[in-house]
Every structure is written in structure tokens, then in C-alpha cells.
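Hi everyone, thanks for making time this morning.

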Amino acid sequence: MKLGVLVSGTGTNLQALLDAEARGELAPGEIAVVVSNRPGVPALARATAAGKPAEAVDHKQFAERRAFEDRLLAVLAARGVEAVVLAGFMRVLTAHFVEKFPLRVVNTHPSLLPAFPGVDGPAQAIAYGVKVAGVTIHFVDTSLDGGPIIAQVAVPVAPGDDAAALHARIQREEHRLLPQVVQRLAAGRYTCEGRRVVERAE
Ligand code: GRF
């Protein structure tokens, strides 16, 4: 299954996907293209270094969100993309985009959803004082980080953690979990019963 990975920045999650693919651990998933809404970010360089097509679609060049999404859709369609992974992609997608890929768009978020959606999940967790944080991989719908939950891993908050230290600990789990979920998505192992994601055994 051809995958499009959407990014906005550093791209450590993209790197985890690229490394998993290089080890043969993403099949039948195959990264067909990497697209960033911000030009010149490290994530695009990571894609190029791995020999993957990498394109910037700068949202600032589009007056309307729909035109931005149409361009994204065109880039993905040109590469035959069937499923989309949001790996640190910092734009909200509308129904116009999401409905083109039913149960085929996933996002990774650095909190135990439904706690702390939106930006700065780790900073929100520190400010709230929770003792357990974590990572959530979920299907994307039109809500903000509110789609059906596919997988979660809990991560302890250590005394003295700041947001950066907690985020780093969360990312170690995120980099393991995301490729695993993407492989299973590509293998068609997930279905939804209402909000509940059900995983078929291999
Ligand atoms: C990740 O922690 C992800 O959960 C969040 O943004 C961060 C992106 O990091 N949505 P990177 O660009 O993959 O390094």
C-alpha cells in the first residue's frame, strides 16, 4: 500500500518510518512521497536522503484552505497514495481532504488522548501535573486530535521533567509505535466499530 507522509518540521517520526521501511518492517506499506507544508524543513532532507520523493506545499501560498488541500491531494494522487500518515504535520485537515481517505489517515500525538489535544501536549501535561503521559496514534477525522484511537503507550512523568524532557521520553515510544501501527494499517488489519478500533489478528 502506497503511503504519503505529511510533515512540518524536524521529522524524527518520518525517520522512524524510513528506518522501519529500510529494515523491511513496513511492508506491505511503502512510503511513496513525503510532503511538507513548510519549505526547507529537516524532514524534507531526511526524505531526500532516503531516496524518497519530497515536496513542499506551502500553505502560506494559498488564500483558501481548500486550495491548499487540493494541491496536497494532487501531489498524493500523482504518487498513487492510498493512505496518509501525519507525522508532526501541524495543519488541521478539513473534511474535504479526510473524506478522500476513509480510515486511511492516521496521526501521532504526544499525549494520552483525549487528554491534552492540540499543540504542546507534553507542556500541557507538565502544567496540569499528571503523573503519566504518553503517545496516541489515532485515525484522523475533522475534530482536533479526536478521531478513533488505534494505539497508545503510557510514559511516566519524572519529577523535575520539563516539557522538552517529557517530550523526548514520549518520542522514544512514539518512534517504536508509529511504524508498527502504519505496518498494520497497510496490512488492512484495522476496522472501526463506532469509535472502537478493532484489530484483526494476523
Ligand atoms: C511529534 O511528537 C508528534 O507527536 C507531534 O509533533 C511531533 C513531531 O516531531 N504531532 P517530529 O517532526 O516527528 O520530530
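This is a predicted model: local features need pLDDT of at least 70, side-chain atom pairs count only at pLDDT 80 or more; totals for chains, interfaces and linings use all residues.

How do the residues of the shell around the ligand divide into nonpolar, polar and charged? The shell has one nonpolar, nine polar and one charged residue; here Ala, Val, Leu, Ile, Met, Phe, Trp, Tyr, Cys and Pro count as nonpolar, Asp, Glu, Lys and Arg as charged, and the others, Gly among them, as polar.

Residues are numbered from 1 along each chain as its sequence is written, and side-chain values use heavy atoms, without hydrogens and water.

So who is around the ligand? Among them are Thr-10, Asn-13, Gln-171 and Glu-174. As for polar contacts (pairs of N or O atoms within 3.5 Å), a polar side-chain atom of His-167 lies 2.7 Å from a ligand oxygen. A backbone N or O atom of Gly-11 sits 2.8 Å from an oxygen of the ligand, and one of Thr-108 is 3.2 Å from a ligand nitrogen. The protein covers 87% of the 370 Å² of accessible area that the ligand has on its own, by the Shrake-Rupley method with a 1.4 Å probe.

Now for the secondary structure, taken as DSSP runs (helices H or I, at least four residues; strands E, at least two). Helix 1 (12-22), strand 5 (105-109) and helix 6 (163-186) each give two or more residues to the shell, and helix 6 has the largest share, three residues. Thanks, folks!

Notes: A residue is near a molecule or strand if one of its heavy atoms lies within 4 Å of it. A polar contact is a pair of N or O atoms within 3.5 Å; within protein, one must be able to donate a hydrogen and the other to accept it, and residues adjacent in sequence count only if both atoms are side-chain atoms.
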